[in-house]
Amino acid sequence: MTNQPVAIVTGGGAGIGKACAARFAQEGWRVVVSDISREDGERACALIRENGGEAVFCRADVSRETDCAAFAQAALDAWGRIDALVANAGVQISGSLLDASESDWDKILGVNLRGVGYSCRAALPAMIAQHAGAIVIISSLNAAVGVAHMPIYDASKAGVLGLMRSLAIAYGKEGIRVNAVGPGATLSDFHLRRAAEGGMTADDLRAKTQGYGLLGRAAEPEEIAAVVYFLASKDASNVTGQFLLVDGGASLTVGK
Ligand SMILES: NC(=O)c1ccc[n+]([C@@H]2O[C@H](COP(=O)([O-])OP(=O)(O)OC[C@H]3O[C@@H](n4cnc5c(N)ncnc54)[C@H](O)[C@@H]3O)[C@@H](O)[C@H]2O)c1
């Protein structure tokens with residue numbers, strides 16, 4: 001085993017998580033790709049290996065604490081360390097609060113809030129033992145601005161900011177940095193798959209999102225991954241407890 005850094009990316013089989021896993025691998029990190037979808041996760045790992053990187057897959061549903069413990073153990077078994085966790089896995093269900101069922105609440109909070117907590121819980125002991133580590137939580141622009149028919153999702157994404165700040169305060173002295181990224185509209189697999197169901201191609205979707213934010217377009221997953229990587233890297237060695245929007249200025253469109 002060498003001291004090559006090791007990252008875990010939850011929800012690393014598709015979309016923003018897949019782009020994060022690929023970026024860490026490009027930068028020479030070893031990556032545990034974790035996802036509830038074995039097929040997508042294995043495929044993301046295969047792609048990293050084809051490009052000369054190192055990746056192992058661990059199937060995990062982040063809403064289950066034992067699954068999160070398993071991806072941390074997979075990193076330790078394979079490479080003996082955990083330098084970064086990207087707590088990215090998330091689900092999106094829209095609908096009004098009046099129509100939300102108990103299972104909607106359980107599903108969204110279970111993955112987006114509790115799941116992020118379980119993921120951090122799983123990675124922290126190794127980071128504490130190393131006296132170093134970086135956690136990047138994927139929140140959302142919605143945590144800052146809110147969207148009419150995503151009340152539970154928005155609450156979950158605001159909730160992780162509280163978690164992020166608490167962990168940053170609690171573990172700063174252990175050399176652990178904890179930050180969050182808030183993507184705006186991003187052309188991830190989630191949106192591409194949903195568009196395809198409606199008969200739209202990726203280019204159709206890009207055309208449809210023209211005019212978004214101040215830059216006039218939605219983000220590509222790689223643009224979110226670049227900021228996530230920055231926050232996990234030594235370049236951000238004095239940054240902790242921060243929420244960084246990567247929304248193409250969408251949060252400022254009120255003044256446009
Ligand atoms: N795409 C956007 O516009 C956007 C905007 C703001 C925030 N986000 C956030 O970014 C993150 C990634 O979203 P995306 O758009 O790339 O989605 P995506 O659907 O393209 O990818 C999400 C991945 O998470 C996995 N996943 C889902 N539930 C899981 C679970 N319980 N355990 C483990 N893995 C699970 C999926 O299998 C999938 O591989 C989410 O937290 C999402 O809320 C996305």
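The model is predicted: local features need pLDDT of at least 70, side-chain atom pairs count only at pLDDT 80 or more, and totals for chains, interfaces and linings use all residues. Residues are numbered from 1 along each chain as its sequence is written, and side-chain values use heavy atoms, with hydrogens and water left out.

A ligand nitrogen lies 3.3 Å from a polar backbone atom of Ile36. At Asn88, a polar backbone atom is 2.8 Å from an oxygen of the ligand. Tyr153 contributes through its side chain, where an N or O atom is 2.6 Å from a ligand oxygen. On its own, the ligand has 830 Å² of accessible area, and the protein covers 91% of this. Such areas come from the Shrake-Rupley method with a 1.4 Å probe; for residues, only the protein chains shown count as cover.

The space taken by the ligand is the largest pocket. A pocket is an open set of points, on a 1 Å grid over the protein atoms alone, with protein on both sides within 12 Å along at least five of seven lines. A molecule sits in a pocket if more than half of its atoms lie within 2 Å of its grid points. Helices (H or I, at least four residues) and strands (E, at least two) are DSSP runs, numbered from the N terminus.

Several residues were examined individually. Buried means under 20% relative accessible area, exposed over 50%, and partly exposed in between (1.4 Å probe, protein chains only). His131 sits in the loop between helix H4 (102-130) and strand S5 (133-138). Its phi is near 60°, a positive value in a residue other than glycine. His131 is partly exposed, at 46% relative accessible area.

Ala55 belongs to strand S3 (residues 54-59). This residue is buried, with a relative accessible area of 5%. Its C-alpha atom is 5.7 Å from that of Val32, 23 residues away along the chain.

Ser96 occupies the loop between strand S4 (84-87) and H4. Ser96 counts as buried, at 17% relative accessibility. A polar atom of its side chain lies 3.1 Å from the backbone nitrogen of Leu98.

Met150 is placed in the loop between helix H5 (142-145) and H6. Its relative accessibility is 11%, so Met150 counts as buried. The C-alpha atoms of Met150 and Leu97 are separated by 8.1 Å, and the two residues are 53 apart along the chain.

Ser139 lies in the loop between S5 and H5. Its relative accessibility is 2%, so Ser139 is also buried. Leu245 is 106 residues from Ser139 in sequence and 9.0 Å away in space, C-alpha to C-alpha.

Key:
Polar contact = N/O pair within 3.5 Å; in protein donor to acceptor, adjacent residues only side chain to side chain. 1 Å grid on protein atoms, 1.4 Å probe; cavity = no way out; pocket = protein on both sides within 12 Å on 5 of 7 lines; lining within 4 Å.
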